[in-house]
Amino acid sequence: MKKIIITFLLSAGLLASCADLEVTPTSFVTEDNYFVTQDDAVASVTAVYASLSLDPGEQSLFGRNLYFLTDMGSDYAAAGVSATNPQVRAMSSLTHDATNDRVQVAWRQIYNGINRANVSIDNISKVSGSEVIKTRLINEAKFIRGLLYFQAVRLWGGVPIVLHESTSINLGDLKTNRSTVDEVYNQIIKDLTDAEALPKTYTAADAGRATSGAAKAILAKVYLTRKDWPNAIAKSREVINGGYGYALFEDFQDIFTKTKKNGKEHIFSVQFEPNQAGNGSSGSTFQATSFTGFTATEPADIISDVALFYDIYAPGDKRRDVSYAKQLLNPSTGTLYTFPKPIFKKYLDLSNLATPSNVAINFPVIRYADILLSLAEAINEQGGPTAEAYELINQVRRRAFGKDITTPDASLDLSGLDQTSFRAAIQEERKKEFVQEGQRWYDLVRWGTLVTEVKKVTAKNSVSERNNLYPIPQSERNINPDGLPQNPGY
């Protein structure tokens, strides 16, 4: 997917203040003179996708910035010695407040993406071209908008719902108050339901765009988060039985192999390319922050407790050595280097460790294993484990040990559990399966176990119930203090 950023610098309202001055802008782009052709519409939606992976001068939303909140803000990830930013270290120790710049940047990046989606949704219908293509593009923008609001409502609770680009420069008109959590979820469901009309697949040139299967998959997670078990079950089954061709990779490593992007397990991924936009900080910085070279220096992103998160894998579980690296082959010396503490490995490009900016591994927002475990969880919560629920979790477990996923294996398969034990088994599998995939904090909050689990990590024992939400950025509250009341504890 081409990475094109479209910024609308001038609106018609900015030209209306001087009646005697007639100006036809020649160096700016307005919605009226930009949205003309179908190519313009395609470029605008490509810019919506780019909001997930590009933010020049800053670490991108899914390239690392969201990680601070969803992973480092949980139990297993922490700030290493190389993380010298005090704001990052505060996130790691869960002592952050409403002025924390990582929280502020996440808010800005999410709403930047929402605003780009709004611009596309509001303007695409007026361009010339195929109605089918225009409808598809609008639904792609709705998918991204729904996805971003899903991040926002879980991070902050009720947030402002903005569905159209503002045409006013009046500060009062620009203020939008917090909506309720239910209102935000209703909008998310509406956007993703519209996006279910998207194509099932695309040609190779458009690989990575949102599909109907992706919309259904995110909807399944929305219903799971809402504890709407019947709809979570129904939507997950639509993903599994919808003829999309989704399946688990036979080898867990393939999920994070750059030559197997957008494969059968990848339902929706944020796309990253080598040296994206010519600026490593604009794309994915996971390699640069997980690997500082063959030295004893801790990288910026580290495992918080080896015993709690590395040593828990059973012998033969391939997920450990894909998620973490205790040893790596030094290509310059040919020796096997052993790190003092395991480093994160999923996003390391082992073929190009010397150039950290050239990270080309996509970020999996949702993959097929997530749907299998989500369905198993919803079934169990609705009435206890069933044969279907056991098969779902057992397929994930079999793949983890390199076994044929369709063949029962008495040495691995779970059976005979009650609802409570099955719930614990699901939680354990998710902890091992989704390391550094932006799932852990959301999972712990959803299960109501964030404080209990995080307190097990000594360096994070300041955690409290306030950490089930992030603070509304103070910079936003300074503009609209009455409409954006602060979350408890901040």
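Reply:
**A buried serine, then helices and strands**

Serine 51 sits in helix 2, which covers residues 38-53. Helices (H or I, at least four residues) and strands (E, at least two) are DSSP runs, numbered from the N terminus. The model is predicted, so local features need pLDDT of at least 70 and side-chain atom pairs count only at pLDDT 80 or more, while totals for chains, interfaces and linings use all residues. Residues are numbered from 1 along each chain as its sequence is written, and side-chain values use heavy atoms, with hydrogens and water left out.

With a relative accessible area of 3%, serine 51 is buried (under 20%; exposed is over 50%, partly exposed in between, with a 1.4 Å probe and protein chains only). Leaving aside residues up to four places away in sequence, serine 51 touches Leu61, Asn112, Gly113, Arg116 and Leu148; contact means heavy atoms within 4.5 Å.

Now for strand 6, residues 363-367: five of its five residues are buried. Strand 2 (residues 266-270) runs antiparallel to strand 6, and four bridges join them; strands pair if DSSP finds at least two bridges between them. Proline 364 in strand 6 is the bridge partner of serine 269.

Lastly, look at helix 14 (residues 368-383) and helix 15 (residues 387-400), whose axes come within 8 Å and cross at roughly 145°. Axes are lines fitted to C-alpha atoms, for helices over the stretch in contact, with angles from 0 to 180 degrees between N-to-C directions. Residues meeting there include Leu372 and Ile379 in helix 14, and Leu392 and Val396 in helix 15.
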